[in-house]
Amino acid sequence: MKTNRRSFIKKTSMAAGATMLLSQLPKQIFAAAKANDMPIGFQSWAVKDMLGKDFSGTLKMMADMDYKLIELCSPAGYKDIGFGFLVGMKPEEIRKTINDAGLQCPSCHFGAAEFGDDKIDASIQFAKEIGLTQMICSTFWLPKTATLKDYQDSAEKLNKAAEKINTAGIQTGFHNHEFEFAMLEGELIYDALMKAFNPDLVKMQFQTEVINLGYKAADYFNKYPGRFISSHLSDWTADKKEVPIGQGVIDWKEFFAAAKTGGVKNFFVEMDLKNLKDSVPYIHSI
């Protein structure tokens with residue numbers, strides 16, 4: 001009787017354990033699938049010369065590397081610096097070529113001038129025809145002699161343009177370079193811009209390259225929750241050499257965890273071709 005009872009308890013315990021394991025397994029599979037399905041994009045600037053020579057072929061090559069998204073650069077604003085080959089194509093044709101390669105294009109960089117009163121309508125029209133959900137100002141490109149007020153005035157102009165862009169159902173963004181992470185009149189330019197931008201109308205696109213100046217994306221995602229729309233990914237060694245994602249000094253688990261707090265929706269890798277290729281497997285692995 002005792003033996004049968006012990007046997008029954010043992011079998012019951014094993015069954016309960018198996019049931020618990022099976023109940024957890026779908027969650028584990030779902031979590032892994034979700035991580036592996038995270039749509040990783042690339043910034044087109046990194047391969048602009050190849051795109052200019054073979055637009056559709058290069059797009060397919062990037063899709064074969066398991067990239068799902070492309071962030072374009074405006075043909076009108078970038079026609080003299082690598083994207084003139086797109087000027088003769090209709091937006092619908094550009095969109096179809098991208099989609100036919102297996103990619104989506106949610107975001108595009110525009111020059112600051114394309115947000116001006118005389119060009120904003122044309123910029124929005126292009127964005128709508130190509131199917132963008134995000135229009136990113138690539139920076140203000142102010143001179144080295146610019147004052148903090150010059151940055152604040154430029155931010156206010158972008159706020160104004162963002163009102164129109166928002167009405168069109170598109171999110172405005174601002175992309176940093178290293179020079180926004182400089183001190184000016186006792187304040188970090190980036191922090192001054194965060195104060196000047198309307199947080200509802202202008203979201204930020206964080207470029208991780210500023211790790212070379214000692215600034216971590218994760219710190220800013222946590223400092224300004226919900227203020228970001230996307231990020232440009234690159235990794236660097238301690239002596240500032242570009243390497244594939246996961247081989248440099250950036251803590252990427254910390255980065256992606258903080259990105260959720262920051263509100264980041266899209267990730268675009270921006271490095272040379274070899275590093276673009278070697279970065280995707282690591283990103284999916286974490």
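Is Y190 buried or exposed, and what is its relative accessible area? Y190 is buried, with a relative accessible area of 0%, where buried stands for under 20%, exposed for over 50% and partly exposed for what lies in between (1.4 Å probe, protein chains only).

The model is predicted, so that local features need pLDDT of at least 70 and side-chain atom pairs count only at pLDDT 80 or more, while totals for chains, interfaces and linings use all residues. Residues are numbered from 1 along each chain as its sequence is written, and side-chain values use heavy atoms, with hydrogens and water left out.

**View 1. The aromatic pair of W45 and Y78.** Rings of Phe, Tyr and Trp (its six-membered ring) are paired if their centres lie within 6.5 Å, and planes under 30 degrees apart are called stacked, those over 60 edge-to-face and the rest tilted; by this rule the count comes to 30 aromatic pairs. The ring centres of W45 and Y78 are 6.2 Å apart with the planes at 70°, and the pair is therefore edge-to-face. Because W45 lies in the loop between β1 (40-43) and α2 (48-53) and Y78 in the loop between β2 (69-73) and α4 (79-83), the pair ties together parts that are 33 residues apart in sequence; helices (H or I, at least four residues) and strands (E, at least two) are DSSP runs numbered from the N terminus. W45 is partly exposed at a relative accessible area of 32%, whereas Y78 is buried at 9%.

**View 2. The aromatic pair of Y190 and F206.** This pair is also described as edge-to-face, with 5.9 Å from centre to centre and 70° between the planes. It links distant parts of the chain, since Y190 belongs to helix α8 (residues 189-196) and F206 to strand β8 (residues 202-207), 16 residues apart. F206 is buried, with a relative accessible area of 0%. Ring pairs join Y190 and F206 into a cluster with other residues, among them F181, Y215 and W252.

**View 3. The surroundings of S279.** S279 is found in helix α11 (residues 273-285) and counts as buried at 0% relative accessibility. Leaving aside residues up to four places away in sequence, S279 touches Y67, P244, I245, V269 and M271, contact being taken as heavy atoms within 4.5 Å.
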